Amino acid sequence: TKLLSMEALSDAAECLKTLAHPVRLRFVQMLLQGRFTVGELAEASEIPSHMASEHLRLMQRCGLLNSSREGRRTYYEVADPHLESIISCVENRFG
C-alpha cells in the first residue's frame, strides 16, 4: 500500500479528533440508521439541544454530516459512507 501524504494524514487526524467524543460517536451510530433532528439526537444522548447543535456543527465542518431543512425542522444525515466502517471498528473493539 502507498503511504498517504502528511497533508492527507493531517486531514484524517482532524476528522478523527472531531469523532473522538462519546456524544458524537452516538450521533453517528444513530445517523447510520436514518435521519434525525437535533432534538431527537440530543434526547438520545441526554444532552441539551444547544450542545447537540454544536457537536453537529463540528461534524458538518469536517464533511461527516449533511443537514436539510424541512419546514421548521433540520434533519441530519451521514455524508461520509466511511463512517460505517469506523463505527463498525469501534463497536467490534468496545462492544
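## Close-up views of a predicted model

**Figure 1. The disulfide of Cys 15 and Cys 62.** Cys 15 and Cys 62 are joined by a disulfide, with their sulfur atoms 2.4 Å apart. A disulfide here is a pair of cysteine sulfur atoms within 2.5 Å. The structure is a predicted model, in which local features need pLDDT of at least 70, side-chain atom pairs count only at pLDDT 80 or more, and totals for chains, interfaces and linings use all residues. Residues are numbered from 1 along each chain as its sequence is written, and side-chain values use heavy atoms, with hydrogens and water left out. The structure holds one disulfide. The link of Cys 15 and Cys 62 is left-handed, with -115° about the S-S bond. Cys 15 belongs to helix H1 (residues 6–19) and Cys 62 to the loop between H4 and strand E2 (65–70), so the pair ties together parts that are 47 residues apart in sequence.

**Figure 2. The protein chain as a whole.** Five helices and three strands make up the secondary structure of the protein chain. Helices (H or I, at least four residues) and strands (E, at least two) are DSSP runs, numbered from the N terminus. From the N terminus on, the order of elements is α-α-β-α-α-β-β-α. The C-alpha trace spans about 45 × 30 × 20 Å along its principal axes.

**Figure 3. H1 against H2.** H1 and helix H2 (residues 22–31) pack at an angle of about 90°, and their axes are 7 Å apart. Axes are lines fitted to C-alpha atoms, for helices over the stretch in contact, and angles run from 0 to 180 degrees between N-to-C directions. H1 and H2 are therefore roughly perpendicular to each other. Angles under 35 degrees count as roughly parallel, over 145 as roughly antiparallel, 65 to 115 as roughly perpendicular and the rest as oblique. Lys 17, Thr 18 and Leu 19 of H1 meet Arg 24, Leu 25 and Val 28 of H2 (contact means heavy atoms within 4.5 Å). This contact of H1 with H2 has three nonpolar, one polar and two charged residues. Ala, Val, Leu, Ile, Met, Phe, Trp, Tyr, Cys and Pro count as nonpolar, Asp, Glu, Lys and Arg as charged, and the others, Gly among them, as polar.

**Figure 4. H2 against H4.** The angle between H2 and H4 is about 75°, with axes 10 Å apart. That makes H2 roughly perpendicular to H4. From H2, Val 23, Arg 24, Phe 27 and Val 28 meet Ala 52, His 55, Leu 56, Leu 58 and Met 59 in H4. The contact of H2 with H4 divides into seven nonpolar, one polar and one charged.

**Figure 5. H3 against H4.** Helix H3 (residues 38–45) packs on helix H4 (residues 49–61) at about 105°, with the axes 9 Å apart. H3 and H4 are therefore roughly perpendicular to each other. Val 38, Gly 39, Leu 41 and Ala 42 in H3 meet Ser 49, Ala 52, Ser 53 and Leu 56 in H4. The contact of H3 with H4 has five nonpolar, three polar and no charged residues.

**Figure 6. Arginines over rings.** Arg 35 lies over the face of Tyr 75, 4.2 Å from the ring centre. Arg 93 lies over the face of Phe 94, at 4.6 Å from the ring centre. A charge sits over a ring if NZ of Lys or CZ of Arg is within 6 Å of the ring centre and within 35 degrees of the ring normal.
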